[in-house]
Amino acid sequence: METSIDCATACVNGCVLGDDCPHREYAASASEFIDSTSLDAMHDIAEAARRRKLSEPPKWVIPDFLDSNS
């Protein structure tokens with residue numbers, strides 16, 4: 001039987017499914033990344049992502065309600 005839960009709310013204090021968690025492989029790779037990467041390197045990665053995000057052109061969001069009056 002497949003159990004479906006919202007991990008963002010149910011697993012705030014840790015995984016509630018244990019070995020049945022569908023995201024288990026991602027947790028293992030995240031733990032490996034944290035163990036093998038220095039905090040300075042993580043900071044550099046985050047800073048590069050922030051700079052890339054700031055250099056992108058703005059994305060405009062046009063509300064849907066403007067189309068309903070046409």
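At 68% relative accessibility, D19 counts as exposed, where exposed means over 50% relative accessible area, buried under 20%, and partly exposed in between (1.4 Å probe, protein chains only). This is a predicted model, in which local features need pLDDT of at least 70 and side-chain atom pairs count only at pLDDT 80 or more, while totals for chains, interfaces and linings use all residues. Residues are numbered from 1 along each chain as its sequence is written, and side-chain values use heavy atoms, with hydrogens and water left out.

**Overall build**

- The chain has three helices and zero strands, and its elements run α-α-α from the N terminus on; helices (H or I, at least four residues) and strands (E, at least two) are DSSP runs, numbered from the N terminus.
- Of the 70 residues in the chain, 4% are buried, and the accessible surface comes to about 6,600 Å², of which 57% belongs to carbon and sulfur atoms; such areas come from the Shrake-Rupley method with a 1.4 Å probe, and for residues only the protein chains shown count as cover.

**Helix α3**

- The 17 residues of α3 should span 24 Å at 1.5 Å a residue, which agrees with the 24 Å between its end C-alpha atoms; the expected span is 1.5 Å times one less than the number of residues.
- Helix α3 is hardly covered, because the count of buried residues among its 17 residues is zero.

**Salt bridges**

- Side chains of opposite charge can pair when their charged atoms come close.
- A search of the whole structure finds four salt bridges, each being a side-chain nitrogen of Lys or Arg within 4 Å of a carboxyl oxygen of Asp or Glu.
- One of them joins the side chains of D19 and R24 (3.5 Å, N to O), and R24 is partly exposed with a relative accessible area of 42%.
- In another, the closest N and O atoms of R50 and E47 are 2.7 Å apart; both residues lie in helix α3, three residues apart, about one turn of the helix.
- E47, R50 and R51 are linked in a network of salt bridges.
- E56 forms a salt bridge with K59, with the closest N and O atoms 3.3 Å apart; E56 counts as partly exposed at 36% relative accessibility, whereas K59 counts as exposed at 65%.

**T37 and F33**

- T37 lies in the loop between α2 (24-36) and α3 (39-55), and at 17% relative accessibility T37 counts as buried.
- The side chain of T37 reaches the backbone oxygen of F33 at 2.8 Å.
- F33 lies in helix α2 and counts as partly exposed at 39% relative accessibility.

Definitions and conventions
Polar contact = N/O pair within 3.5 Å; in protein donor to acceptor, adjacent residues only side chain to side chain.
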